[in-house]
Amino acid sequence: MKIKIFRALLCFALTLFALTAFTACKKNHDHNFDEWVVLREPTCTKQGIERRYCSCGEHESRPIEATGHTEGEWKTDVQPTCLNEGTRIQSCTVCHATLNTETLDAKGHNENGNWIVETPASCDQPGESYKICSDCGLECDRRTDVLHHLPGTIVTEAEATCTQEGKKCQYCKHCNQLLASVVIPKLNHEYVTENGQSVCKHCKEPENS
């Protein structure tokens, strides 16, 4: 019976000693921390947290700085048109947040096409022509066409005779309008002898008639 009581007292003493030693350890010993363990990974804009533990159960924590954004390549977000501006953006390659935005100038019309005649010009009235943009199909330019007289070849409309003047004329190649006319003087009689009689070789009128 005495032995059992002794063993019980010994166990109680050992337990009390262990508790006392453990408490003293937590309060007084130099901590021996393990490696840092990441509890929350940092992001581009938010801090993370890492922690390390001592064998006694104590721990300490510290923040992990935010990584900051990683700029990617510029990409066109809205294509510019002939009349409207477009945009391009630069995003973070990690979180895909938009970091920068730039405006792209409108392209302007493509005026390489041919002129389309809307109203033909004449020598008296101006006409109009326009161009269609080959990219957007809208009218992109307009002009007033002026057509000037273009002198043609001078033609003889009436030959001169001994009794009547002749006439030469010049007409516009576009509208056939008379541009100029010239009077051809009458011919002088030129007498020759035919069948024993003196007559004009042009009009056959007898001399001294």
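Analyst: Buried residues make up 15% of the 209 residues in the protein chain; buried means under 20% relative accessible area, exposed means over 50%, and partly exposed is in between, using a 1.4 Å probe and protein chains only. Keep in mind that this is a predicted model, where local features need pLDDT of at least 70 and side-chain atom pairs count only at pLDDT 80 or more, while totals for chains, interfaces and linings use all residues. Residues are numbered from 1 along each chain as its sequence is written, and side-chain values use heavy atoms, with hydrogens and water left out.

The chain exposes about 16,000 Å², and carbon and sulfur atoms supply 51% of that; the areas come from the Shrake-Rupley method with a 1.4 Å probe, and for residues only the protein chains shown count as cover.

Now for your salt bridges. The term stands for a side-chain nitrogen of Lys or Arg within 4 Å of a carboxyl oxygen of Asp or Glu. The idea behind it is that side chains of opposite charge can pair when their charged atoms come close. By the rule used here, the count comes to nine salt bridges.

Start with Glu 50 and Arg 62, whose side chains meet in a salt bridge at 2.4 Å, N to O. Glu 50 sits in strand E2 (residues 48–53) and Arg 62 in strand E3 (residues 59–64), so the pair ties together parts that are 12 residues apart in sequence. Glu 50 counts as buried because its relative accessibility is 12%, whereas Arg 62, at 39%, counts as partly exposed.

Arg 52 and Glu 60 make another salt bridge, with their side chains meeting at 2.4 Å, N to O. Arg 52 has a relative accessible area of 24%, so it is partly exposed. Glu 60 is partly exposed too, with 28% relative accessibility.

Next comes Glu 190, which forms a salt bridge with Lys 201, the closest N and O atoms being 3.2 Å apart. This pair links distant parts of the chain: Glu 190 is in the loop between E12 and strand E13 (191–194), and Lys 201 is in the segment after E14, 11 residues apart. Glu 190 is partly exposed, with a relative accessible area of 38%, and Lys 201 counts as partly exposed at 42%.

Strand E14 (residues 197–200) also holds Gln 197. Gln 197 is partly exposed, with a relative accessible area of 41%. Its C-alpha atom and that of Glu 207, 10 residues apart along the chain, are separated by 8.4 Å. Leaving aside its neighbours within four places in sequence, Gln 197 is in contact with Val 192 and Pro 206, where contact means heavy atoms within 4.5 Å.

Salt bridges can also join up: Glu 118, Glu 128, Glu 139 and Arg 142 are linked in a network of them.

Lys 131 stands opposite Asp 141 in E9. The hairpin of E8 and E9 has six residues between the strands, and in it Gly 137 takes a positive phi near 80 degrees.

For a contrast with charged pairs, Val 37, Leu 39 and Tyr 53 make a nonpolar surface patch of about 260 Å². Patches are made of residues with over 30% relative accessible area and no salt bridge, with like charges joined within 9 Å and nonpolar side chains (Val, Leu, Ile, Met, Phe, Trp, Tyr) within 5 Å. Leu 39 lies in strand E1 (residues 37–40), and at 46% relative accessibility Leu 39 counts as partly exposed.

Technical notes
Helices (H or I, at least four residues) and strands (E, at least two) are DSSP runs, numbered from the N terminus. Two strands pair if DSSP finds at least two bridges between them.
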